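Trainee: I have a model open and would like to learn how to read it. Can you walk me through the features one by one?

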Amino acid sequence: MDFATSNETQTLKERVRAFIDRQVIPREVEAQQPAADLDALRQSLQAAAKQAGLFGPQLPTSHGGLGLSWLEVAEVLMEAGRSLLGPQALNAAAPDEGNMHLLAHAASKAQAAKYLLPLASGQTRSAFAMTEPAPGAGSDPSLLQATARQVAGGWSLNAHKWFITGAMGAAFFMVLTDTITETAIEITTTNPKRRVNPTIFLVDADNPGLEIVREIKTLDHLAPGGHCELTLRNCFVPVEAVLGRVGQGFELAQYRLGPARLTHCMRWFGVAKRALEIAMHYVGTRVSFGKTLAEHQAVQLMLATSEIELHAARLMILEAAWKLDQGQDIRTEASICKVFVSETVFTVVDRALQLCGSLGVSEDVMLSTFFREARPFRIYDGPNEVHRVTIARRMMKAFAEAAASTANATEANA
Ligand SMILES: Cc1cc2nc3c(=O)[nH]c(=O)nc-3n(C[C@H](O)[C@H](O)[C@H](O)COP(=O)(O)OP(=O)(O)OC[C@H]3O[C@@H](n4cnc5c(N)ncnc54)[C@H](O)[C@@H]3O)c2cc1C
C-alpha cells in the first residue's frame, strides 16, 4: 500500500486549505443566523469554488469535476471538511455526492442528462429516500414497506419515508421501494416469508403524488433542505423512472453507501481536525495557575490522545480509499472506518469543547455547532451497532473458512 501524495496533490491540498480559511470559514457566521438561507449561501460558495478551480473534486472531468483518484479525493475532503460549509462549496456534500456517484454508475443516458448533469454542475440538489417509520425500513432494510405496483405505462408508488436529508428544495428523489410485479409472490399466511424485490425510482420533486409532510426538527441544523418526512400516494412514474433494473435496489443502495460512508468519514475528519486546532489556539494562550493550559500535563494528555486518534482515523480512511482505487471490495473497511471515525470525531470535538471551557459551549466558536452536527453520524449510514454486528459476522465467517481450509490441508497431507 502506498498513501504517499504527489507534489500536485500536496499543492491541491494547500489550495483547498487556503480556500476554506479565506473564503469559507469567514462565512460560517451567515449559516448560524436563525433565518439563514442555506441554499443561497451554498450557491454563492460554489461560485467561489468554481472560480478557484476546486469544484467537484470527486467528479470526473467529463462532468466538470477534477477527475481525482479516491486517495486524492480523501486528501481534498479531509481539508474541505474543516468547515461544515466546505464540502457544500465543492459540491461534495451528502447526500448529493453519493447520489452523483450512484447516478454515474447506474443512470441511463437520458437519466444522466436529466438528473446527473444539473446535479454535477451544482444547479440542483437531490435526496435519497430509504428510511421509514416503524414498522418500516430503518437499520433493517428488509422491513421495506414502500411499494411500487406495475400499472399501465409505469409504476404507482406508495411510501412513507422520513429523515430524508435535503428534501426541501431538492429537484428529485431517489426512492427505494419494494416492487410488486404481476409475477410477484404475494405474502400470505401460507407463505409468510417476506419477499423483498427492491427497486430505486427517480421521482421528480414536482410529481403531484409526492408530498413533503414536514421538516423534522433535529439536533443538527446545517443541512440545506433539512431532514424531512414525506409521503408518496399513488404516485405515478413512467417506466423510465427505474434506476438500473427492477429488483436491483439493495445492490445499488450498497453501491452508493460504501463510498458514501467513506466520504462522510473524510468530511467529518476535517471537522475534528479543526476542533483540535481551535482547542490548541485556546490552550496555547490561556493562562491558568501560573502557566498556559498547554503546559499542564492533563491538558497535554487530552491533546495527544486526540492527535493519536485522528492519526489512526486518517490512516483508516486512506487505506480504504487506496483499496477503492485498486477496485477492491471495501465493505468491511467502510464499516470499520464509519464506526471508528464517527466515534473519534465525536470524542475529539467533545474534548476540544472541554478544553475551551465556557467558550467551548458558546456560539462564539464553532465547537458547539460541531458537537451538535457530529452526533447523528453515529446513527445514519447504518447505526454503529449494526456495523459492529456485520464486522463480527464477517470475522467469524472468515475464521471458520480458514479453520476448514487448514483442516482440509492437514487431511490431504496425511
Ligand atoms: C441526521 C440524519 C439524516 C438522515 N438522512 C437520511 C437520508 O437522507 N435518507 C434516508 O433514507 N435516511 C436518512 N436517515 C435515517 C438513517 O439512515 C436511519 O436513522 C438509520 O438507518 C437507523 O434507522 P432507524 O432510525 O429506524 O433506527 P432503528 O432501526 O429503529 O434502530 C434504533 C437503534 O437500535 C440499535 N440497533 C438497531 N439494529 C441493531 C442491531 N442489529 N444490533 C444492535 N443494535 C441495533 C441501534 O443503536 C440503532 O441506533 C438520517 C438520519 C439522521 C439522524
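Mentor: We will take the ligand site, then the strands, then the aromatic pairs. Keep in mind that this is a predicted model.

Trainee: Let us begin with the ligand. Which residues come nearest to the ligand?

Mentor: Start with the shell around the molecule. Here the shell holds 18 residues. Phe128, Thr131, Ser139, Phe163 and Thr165 come nearest.

Trainee: What is the make-up of the shell by class?

Mentor: Sort the residues into nonpolar, polar and charged. This shell has 11 nonpolar, 5 polar and 2 charged residues.

Trainee: How much of the ligand does the protein bury?

Mentor: Compare the ligand alone with the ligand in place. Alone, the ligand exposes 970 Å². The protein buries 64% of that area.

Trainee: Now the strands. Which strands pair with E4?

Mentor: Ask for the partner, the direction and the number of bridges. E1 pairs with E4 in the parallel sense, over 4 bridges. In that pairing Ala127 stands opposite Phe173. Strand E2 (residues 147–151) is also parallel to E4, with 3 bridges. Thr147 faces Asp178 there, and Arg149 has Ile180 as its bridge partner. Strand E5 (residues 198–204) runs antiparallel to E4 over 7 bridges. Met174 stands opposite Leu202 in E5.

Trainee: Is E4 mostly covered or mostly exposed?

Mentor: Count the buried residues along the strand. In E4, 9 of 9 residues are buried, and the strand is mostly covered.

Trainee: What joins E2 to E3?

Mentor: Check the bridges, then the turn. E2 and E3 pair in the antiparallel sense over 5 bridges. Gln150 has Trp155 in E3 as its bridge partner. The hairpin has 2 residues between the strands, and Gly153 takes a positive phi near 80°.

Trainee: Which strands pair with E7?

Mentor: Follow the bridges on from E3. E3 and strand E7 (residues 227–238) are antiparallel, with 9 bridges. Ala159 stands opposite Leu232 in this pairing. Strand E6 (residues 210–215) also runs antiparallel to E7, joined by 5 bridges. Glu211 has Thr231 in E7 as its bridge partner.

Trainee: On to the rings. How many aromatic pairs are there in the whole structure?

Mentor: A search finds 6 aromatic pairs. For each pair, read the distance between ring centres and the angle between planes. Take Tyr115 and Phe172: the centres are 4.6 Å apart and the planes stand at 55°, so the pair is tilted.

Trainee: Why is the pair of Trp268 and Phe377 called stacked?

Mentor: Planes under 30 degrees apart count as stacked. The planes of Trp268 and Phe377 are at 20°, with centres 6.1 Å apart, so the pair is stacked. Trp268 sits in helix H8 (residues 249–285) and Phe377 in the loop between helix H12 (367–374) and H13, so the pair ties together parts that are 109 residues apart in sequence. Trp268 and Phe377 are both buried.

Trainee: Which residues form one aromatic cluster with Trp268?

Mentor: Chain the rings together. Trp268, Phe377 and Tyr380 form one cluster.

Notes. Residues are numbered from 1 along each chain as its sequence is written. This is a predicted model: local features need pLDDT of at least 70, side-chain atom pairs count only at pLDDT 80 or more; totals for chains, interfaces and linings use all residues. Side-chain values use heavy atoms; hydrogens and water are left out. A residue is near a molecule or strand if one of its heavy atoms lies within 4 Å of it. Accessible areas come from the Shrake-Rupley method with a 1.4 Å probe; for residues, only the protein chains shown count as cover. Ala, Val, Leu, Ile, Met, Phe, Trp, Tyr, Cys and Pro count as nonpolar, Asp, Glu, Lys and Arg as charged, and the others, Gly among them, as polar. Two strands pair if DSSP finds at least two bridges between them. Rings of Phe, Tyr and Trp (its six-membered ring) pair if their centres lie within 6.5 Å; planes under 30 degrees apart count as stacked, over 60 as edge-to-face and the rest as tilted. Buried means under 20% relative accessible area, exposed over 50%, partly exposed in between (1.4 Å probe, protein chains only).
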